[in-house]
Amino acid sequence: MKRLLKLAEKIKNKELRKKTIEFLKNPEITNKKFKYPSSKFEDAPAGPMDFHHAYPGGLLDHTYSVVLSCISVAENLQKVYPDIKINMDHLISAALLHDIMKIFIFRWNNGVVLQTDTLMDHGIWAAAELYARDFPEEVIHIVASHFGPSGPNPPQTTEAIILHFVDQLDAMVDANINFMKNEKLRVLFLPEEEKKSSK
Ligand SMILES: [Fe+2]
Ligand SMILES: [Fe+2]
């Protein structure tokens, strides 16, 4: 968590920095009618077993990696396209918080990921909580649109496009590492004929 808090310190706007750090340190749901079991951010996996970062601390690794990559991509784009303006504060805040509601969805238990079924996905849910915590609309948009063009709220800003693609990249890289390492998972994805012959 220290790694994430250090990245949050890069947010120059004092109010946004404070709100982002407060949310990271105290990720409770503002509306107390909603009660779900939760993991500590540090312990939570980022997804179910056949998905990405499905291990304790996976959410932390994924978030850390996504923030670092978002910063690099944004800096490179700004070098090549000086006319585009990227709000680094908005991007860093959104990248740090984009998956935070997964702490109420995924839990590590005896070597497996347990999943709580919720009617809202974690992106929409995070957007609702960001509204409750009075975050800027631009940050809420980046988080709400991180599923990309086919999601419920397509990205409309450069910051939102960056987060979506960096998030996908990081998830796919980890899923691929897993896939290459995990014989069981590889068999799961083999065509039917190959599955039979590999038995
Ligand atoms: Fe996500
Ligand atoms: Fe993510």
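Reply: First, burial: a residue is buried under 20% relative accessible area, exposed over 50%, and partly exposed in between (1.4 Å probe, protein chains only). This is a predicted model, where local features need pLDDT of at least 70, side-chain atom pairs count only at pLDDT 80 or more, and totals for chains, interfaces and linings use all residues. Residues are numbered from 1 along each chain as its sequence is written, chains are lettered from A and ligands numbered from 1 in the order in which they are written, and side-chain values use heavy atoms, with hydrogens and water left out.

Start with the iron ion (ligand 2). Its protein donors are His62 (NE2), His98 (NE2), Asp99 (OD) and Asp167 (OD), at 2.1 to 2.2 Å. Donors are N, O and S atoms within 2.8 Å of the metal (3.2 Å for Na, K and Ca); water is not among the atoms, so sites may look incomplete. The angles between the four donor atoms run from 83 to 177°, which makes the arrangement irregular. Four donors count as tetrahedral if all angles lie between 85 and 135 degrees; four count as square planar and six as octahedral if opposite donors are over 155 degrees apart and all others between 65 and 115; anything else is irregular.

The iron ion (ligand 1) lies 3.6 Å from the iron ion (ligand 2), and Asp99 coordinates both. His98 sits in the loop between α4 (88–97) and β1 (106–109), and Asp167 in helix α7 (residues 158–181), so the pair ties together parts 69 residues apart in sequence. Helices (H or I, at least four residues) and strands (E, at least two) are DSSP runs, numbered from the N terminus. His98 is buried, at 0% relative accessible area. Asp167 is buried too, at 8%.

Asp99 also forms a salt bridge with Lys102 (3.4 Å, N to O). That term means a side-chain nitrogen of Lys or Arg within 4 Å of a carboxyl oxygen of Asp or Glu. Lys102 and Asp99 are both buried.

The structure holds four salt bridges. Another joins Arg3 to Asp61, closest N and O atoms 3.1 Å apart. It links helix α1 to helix α3, across 58 residues. Arg3 is partly exposed at 35%, and Asp61 likewise at 30%. A further one pairs Lys19 with Glu15 at 3.7 Å. Those two are four residues apart in helix α2, about one helical turn. Glu15 is exposed, at 53%.

Last, the packing. Met101 is in contact (heavy atoms within 4.5 Å) with Phe23, Ile29, His122, Trp125, Ala126 and Glu129, leaving aside neighbours within four places in sequence.
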